[in-house]
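Hello,

Here is the structure I promised to pass on, with my notes below it. Could you have a look when you find a moment?

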Amino acid sequence: MEGTTSGTEGTKEISKSNPLKYDGLQFKDSIRILKLEAALTDDAELYASFVEVKLSEGPSYEAISYTWGAPVFSETLHFQSSRVNITESLASALRSFRLKDRERILWADAVCINQKDDVEKGAQVAMMGDIYQRASHVLIWLGHGSPKLGHAIKGFEILADELITSNASQKRWDPQILDYEMNLVYDRAWFSRLWTVQEVALAARATLFCGRHELEWPRFAAVMVLLKSHLLRTHAYMRNPETILGACSVIETRALYQLLSSSQKDASTAQLSHFNRIVEIIRSQKCTDDRDRIYGLLNLRPPGASLTIQPDYSKPVSFVYLDY
């Protein structure tokens, strides 16, 4: 495992010339977690180290849920004597979640899984359910913030408070609330991606982050259901109504999975109906690798359903679909 990183210029020069060589994981339930070092400024270089832990031993960590974005690895995550090139999307998330006074323990798939090792990748993808379920907190990274985005988050908070203090779904709420441009939150690419559906469905606790702005998932979900109800009931003009429905489908998947996971282990008609709806939602989500249309469902199956498919990224897409 990599040791604690140094912040000296000499180490930075070395790390730029030495791509990280991953050590193999020692146990079947092992994962790598990232110890992200503190920094006083947002633009400071990213430094970290890996620690291998066993999920069965209950390690403490937070998991990042984000979209990879374009496969342009223009940013660098430095280790003691090596480095990993990462996308701007992950780099911005790490900079936002980095603390000023202490290290932060995180899990992010792009770096904590050796993406060049199909065997390890398949084994870790099979564990994704446990990884996100066991995380103390799932940090949903929607991207950079802005003053307008802060205004949009405020709109969500106003309506969430209305729902707590009164029956906002039944009264005529101020249409000026739409001027808060809340679509700047639910229009984000995160809501259209396949893997993010599983990640939030499995989370014990989840929070949305846009730059330094944040919104707890239950408050976001309650307001989105209200917006959908208002849209369908009044046919009022709302910005990008199709993305309201798309975000609500992700919210629905989390609710359906909670119903599945709390029910009896014996498969029932209701369970199959819930799972079929999850399949329907997943089908409309975007992914880069079509094998993930199958693998992204495995950890959302009903309790007691046997896992007969093991993720294998060396298999052609057609073989994966035949296995399913």
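**Charges over rings**

Let me start with Lys-54, which lies over the face of Phe-27, at 4.6 Å from the ring centre. Likewise, the charged end of Lys-121 sits over the ring of Tyr-313, 4.4 Å from its centre. A charge sits over a ring here if NZ of Lys or CZ of Arg is within 6 Å of the ring centre and within 35 degrees of the ring normal.

Before you read on, please note that this is a predicted model, in which local features need pLDDT of at least 70 and side-chain atom pairs count only at pLDDT 80 or more, while totals for chains, interfaces and linings use all residues. Residues are numbered from 1 along each chain as its sequence is written, and side-chain values use heavy atoms, with hydrogens and water left out.

**The chain as a whole**

The chain has 13 helices and 9 strands; these are DSSP runs numbered from the N terminus, with helices (H or I) of at least four residues and strands (E) of at least two. Of its 324 residues, 48% count as buried, meaning under 20% relative accessible area with a 1.4 Å probe and protein chains only. Among contacts (heavy atoms within 4.5 Å) between residues at least 6 apart in sequence, 73% join residues at least 24 apart.

**Aromatic pairs**

The whole structure holds 11 aromatic pairs. Rings of Phe, Tyr and Trp (its six-membered ring) pair if their centres lie within 6.5 Å; planes under 30 degrees apart count as stacked, over 60 as edge-to-face and the rest as tilted.

Phe-50 and Phe-79 form a tilted pair, 4.9 Å centre to centre with 35° between the planes. Phe-50 lies in strand E2 (residues 46-54) and Phe-79 in the loop between strand E4 (75-78) and strand E5 (83-86), so the pair ties together parts that are 29 residues apart in sequence. Phe-50 is buried, with a relative accessible area of 4%, and Phe-79 is buried too, at 0%.

Phe-191 and Phe-220 make a stacked pair, 5.4 Å centre to centre and with 25° between the planes. This one links distant parts of the chain: Phe-191 is in the loop between helix H7 (183-186) and helix H8 (194-202), and Phe-220 is in helix H9 (residues 217-234), 29 residues apart.

**Helices around H10**

Phe-220 turns up again where H9 meets helix H10 (residues 241-262): the contact includes Trp-217, Phe-220 and Met-224 of H9 and Pro-241, Ile-244 and Cys-248 of H10. H9 and H10 pack at an angle of about 130°, with their axes 9 Å apart. Axes are lines fitted to C-alpha atoms, for helices over the stretch in contact, and angles run from 0 to 180 degrees between N-to-C directions.

What does that angle make H9 relative to H10? Oblique: angles under 35 degrees count as roughly parallel, over 145 as roughly antiparallel, 65 to 115 as roughly perpendicular and the rest as oblique.

H8 and H10 pack at about 45°, with their axes 8 Å apart, which makes H8 oblique to H10. Among the residues in contact are Val-197 and Val-200 of H8 and Val-250 and Tyr-257 of H10.

H10 and helix H11 (residues 269-283) pack at about 150°, with their axes 10 Å apart, so H10 is roughly antiparallel to H11. Their contact includes Leu-256 and Tyr-257 of H10 and His-274 and Phe-275 of H11.

Best wishes

Conventions. Buried < 20%, exposed > 50% of the residue type's maximum accessible area, 1.4 Å probe, protein only.
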